[in-house]
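Morning, everyone. Please have a look at the model on the screen, and then I'll walk through a few local features.

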Amino acid sequence: MEEKIRLGISTCLLGENVRYDGGHKLDRFLTDTLGQYVEYVPVCPEVECGLGIPRESMRLVGDPASPLLVTTRTHVDHTERMVRWAERRVIELEKENLCGFIFKSDSPSSGMERVKVYTEKGMPEKKGVGIFARIFMAHFPLIPVEEEGRLHDPLLRETFIERIFTLKRWRERLRGIREKGGLGPLVAFHAEHKLLILAHSEKHYRMMGKLVAGGKALPLKELYTQYETLLMEALKLKSTDKKNTNVLHHMMGYFKKDLTSDEKQELLDVIEQYRDGYIPLIVPITLMTHYVRKYKQPYLSKQIYLTPHPAELKLRNHA
Ligand code: SF4
């Protein structure tokens, strides 16, 4: 059976009663839908660093670039305890083969961005990062991270899920590369991901093409590190209607001799309707997939762009 994607997650999002008030923040999309494809590695910084349940609530105070973690009512400073624990925990997490992390928004420990930081006078500014989240992101700069709130945005959700599925495929392929050696598996991986990369960044598409083409000049380890960095950087950039339209037109070029004029016109109309926001991406993709099968287009049939994640997640159904 295929291994599931391993994702770190703030424990309270799974419905565990670990919050300061003894409650949870269950997120049904994460448990019931995404949960079918991933294996979660729960992390609750406040409980794991030794603060109990229930406990006094905390907040970030001081300089937003390096704030203190302080209890709200009695002003006990837990910064050092949290930092020491987090620095140990990220080293343990290296063994977990994580392809991503989903953080609980707004938390002074787990929030990934825009967490309130209070000034000396008690005024909040939404400029902080939770103490554990900051240490995690610095330790694993390439691992995709998101917050549960942002995952309710269809485009952010799709981008994150594409990234975690791609990182998982890359890691699996990397194992093959290590076993077999040589450039072959990297060349094959890149060929399959070209259009997915193009849908995010033409600049990265060109840079990665050059990197792979000149791969023999670099030591293998260096080549893979550079490739992985560019891959993760590229997929972090949002795919837009304009970029997808460009990819779809590019794909049409492979059917020059195959499509009848009716089929060509139909495909062009559907792409135009997608570009103008009348129909979701899934419509031109479905029609394109149909022609790829009908005309047995060998290059396009291998493109991950057509199926970057399970259809059941319904990620391309938004206009
Ligand atoms: S937000 Fe983070 S620290 Fe707070 S309960 Fe959830 S997992 Fe624990």
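Asn97 sits in the loop between helix H3 (79-93) and strand S5 (100-103). Helices (H or I, at least four residues) and strands (E, at least two) are DSSP runs, numbered from the N terminus. This is a predicted model, where local features need pLDDT of at least 70, side-chain atom pairs count only at pLDDT 80 or more, and totals for chains, interfaces and linings use all residues. Residues are numbered from 1 along each chain as its sequence is written, and side-chain values use heavy atoms, with hydrogens and water left out.

Back to Asn97. Its phi is near 55°, a positive value in a residue other than glycine. Is Asn97 buried or partly exposed? Asn97 is partly exposed, at a relative accessible area of 34%. Here buried means under 20% relative accessible area, exposed over 50%, and partly exposed in between (1.4 Å probe, protein chains only).

Next, Lys296. Not a glycine, yet Lys296 has a positive phi of about 45°. Lys296 lies in the loop between helix H11 (282-294) and helix H12 (298-301). Lys296 counts as exposed because its relative accessible area is 68%.

Now a peptide bond. Which form does the bond from Ile53 to Pro54 take? That bond is cis, with omega near -10°. Pro54 belongs to the loop between helix H2 (45-48) and strand S3 (58-61).

Last stop, a helix. Asp269 is part of helix H10 (residues 261-275). With 35% relative accessibility, Asp269 counts as partly exposed.
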